[in-house]
Amino acid sequence: MQTFLNGYSPGDASESQSDAHQYLSRLLKDGAKKEVDIDVNSYEIKLPSFYDKVKYERARKFYFDNIYGFFISNLTGLVSILAIQSILKVLICTKQSSTPKTAYRRYLATILHVVNFYSANPDANSKCYKSIAAVRKKHIKSSKYAEKHNSGSITQKDMALTQFGFLGFVLVQPKMMGIRENGENFEALVHLWRVVGYMLGIDNEFNICTDSLSTTLPRLRLMVAEILVPCLKNQPPHFHEMVQSMIEGLWCFNPFLTTPAFTYLTYRAAGVPGYYYGKEEQALEMQRLKNTPDRAPENSDSDGMSPTYKKMPWWSRFIVGFIIYILETLVYGSTIFRWIFNYNITSSLFIIKWFPFLAFPKFGFRASYVRILNDAN
C-alpha cells in the first residue's frame, strides 16, 4: 500500500529515516512542552525568508487541479488527528465542535480557511494572510481557554500533527486520493505548508515540512506508523462522538458523507490492520500479518473485503466502494472525470457560502452562514 515517487526510491528513504526518527523524537519530547503562542500580542506574522513565490503558486494550482482528492484527503486527515488525545481534549473543552451544529460551523470555517491558503499568495492583506491571522488568533483563544480549564494547551506537537492532516495523505497515499504522483508538484505542496506552518507559529525545528520532499516524506510516513496508527487502534474517549458530530455537520456541505464510511477510509489510508479493500490489499494484509504478532481479524473467504468492511451498514459500504472507484479509477485515470468531480467540490463551496440550503432546516438560517473573516468563528 506504500507508493514511491518518481526520483524518490526506497534507498533514499532509508538515508532519511534516521533524520525522521530524530525529528519525531524531538517533536514528542520538546514539542509537546512548548506552546505555539503565549498571547495575542507576543507574535508577528511575517513571510519566512525561505518563501518561494513560484513554488507557492505552483502548489496553489496543483490544489485546484485536484481539489476533489484534496477534500477527501483533508477530511480523512481531520478524522485521524481527532484520535490524538491532546488535540481532542482541547476540542472537547472549547465545546465548539461537540455537536453537529457547532462542528458544522467549526469545520466549515476550517475548510474555507484552507481554501483561502490556496487562493492567494500569503502577502500582507491577501485572503491567505487574513485567514492565517484569523486561525492563529483562534488558536490562542482556544489554547488559553483549555489551559484555564485544565485541558492542556495547543503545543508545537499538536500543530505539527494538525499540519499532517492537510497534506499527509496526499503524499503518503496519493493514488488513494486520486492524485497522480508528481515530484515538482509535491515539492511545491511541501513548500506551501512549510510557509503556512511557519506563519501559523510552528518553529522550524518542529515544522513537519522541510526544504525538500525527500526529507519530508519519511517524517510523514513515520508519523503515520508511530503516532496515527497506534492512536487510531486505541482511540481516546469521545473520539467516535466527535467524528460523528463532524461528519453529520459537514453532511450539509456534501451529503455523500457517513461516519462509518469516512472512518473506514481514514483507517485504510493510514494502513491500520483490518481495513483493506480488494484482493490486492487483502494479499498485502495477509503477508504483513505473517510478520507481526499484532494480528487483524482473520478473513474466512477471498473476496477481498475485510471483516470490518462487512460489518458496516449497506449505505456506508456503498459510499466506501463508490469513493474508492471515483478516486482510484475515474479521477486518477481521467482528466475529464477529475474536472467533473473537482467541479462538484467548487460548486459545493459556492452553495455553502451563499445559499447553504441543506443546513437551514438542521441549524437555522443565521447559524447556517459561516463568515470566516468577520465573525467569531
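At 33% relative accessibility, Phe322 counts as partly exposed (buried is under 20% relative accessible area, exposed over 50%, partly exposed in between, with a 1.4 Å probe and protein chains only). This is a predicted model: local features need pLDDT of at least 70, side-chain atom pairs count only at pLDDT 80 or more, and totals for chains, interfaces and linings use all residues. Residues are numbered from 1 along each chain as its sequence is written, and side-chain values use heavy atoms, leaving out hydrogens and water.

**Surface patch**

- Phe322 lies in helix H14, residues 314-333 (helices are DSSP runs of H or I, at least four residues, numbered from the N terminus).
- Trp314, Trp315, Phe318, Phe322 and Tyr325 form a nonpolar surface patch, with about 560 Å² of accessible area together (Shrake-Rupley method, 1.4 Å probe, only the protein chains shown counting as cover).
- Such patches join residues with over 30% relative accessible area and no salt bridge; nonpolar side chains (Val, Leu, Ile, Met, Phe, Trp, Tyr) are joined within 5 Å, like charges within 9 Å.

**Buried helix H3**

- H3 is mostly covered: 15 of its 15 residues are buried.
- Ser80 lies in this helix, residues 67-81, and has 0% relative accessibility.
- Ser80 touches Phe169, Leu228, Leu232 and Thr266, not counting residues up to four places away in sequence (contact means heavy atoms within 4.5 Å).

**Cysteines**

- The count is 0 disulfides (a disulfide is a pair of cysteine sulfur atoms within 2.5 Å).
- Cys128 is buried at 0% relative accessible area, and Cys209 is buried at 2%.

**Salt bridges**

- The structure holds 9 salt bridges (a side-chain nitrogen of Lys or Arg within 4 Å of a carboxyl oxygen of Asp or Glu).
- Asp203 pairs with Lys34, their closest N and O atoms being 2.5 Å apart. Asp203 sits in the loop between H8 and H9, and Lys34 in the loop between H1 and H2, so the pair ties together parts 169 residues apart in sequence.
- Glu184 and Arg58 meet at 3.0 Å, N to O. Glu184 is in H8 and Arg58 in H2, so this bridge ties together parts 126 residues apart in sequence.
- Glu184 is exposed at 52%, whereas Arg58 is partly exposed at 35%.
- Glu147 and Lys144 meet at 3.5 Å, N to O. Both lie in helix H6, 3 residues apart, about one turn of the helix.
- Shared partners join Glu35, Lys144 and Glu147 into one network of salt bridges.

Note on methods
Helices (H or I, at least four residues) and strands (E, at least two) are DSSP runs, numbered from the N terminus.
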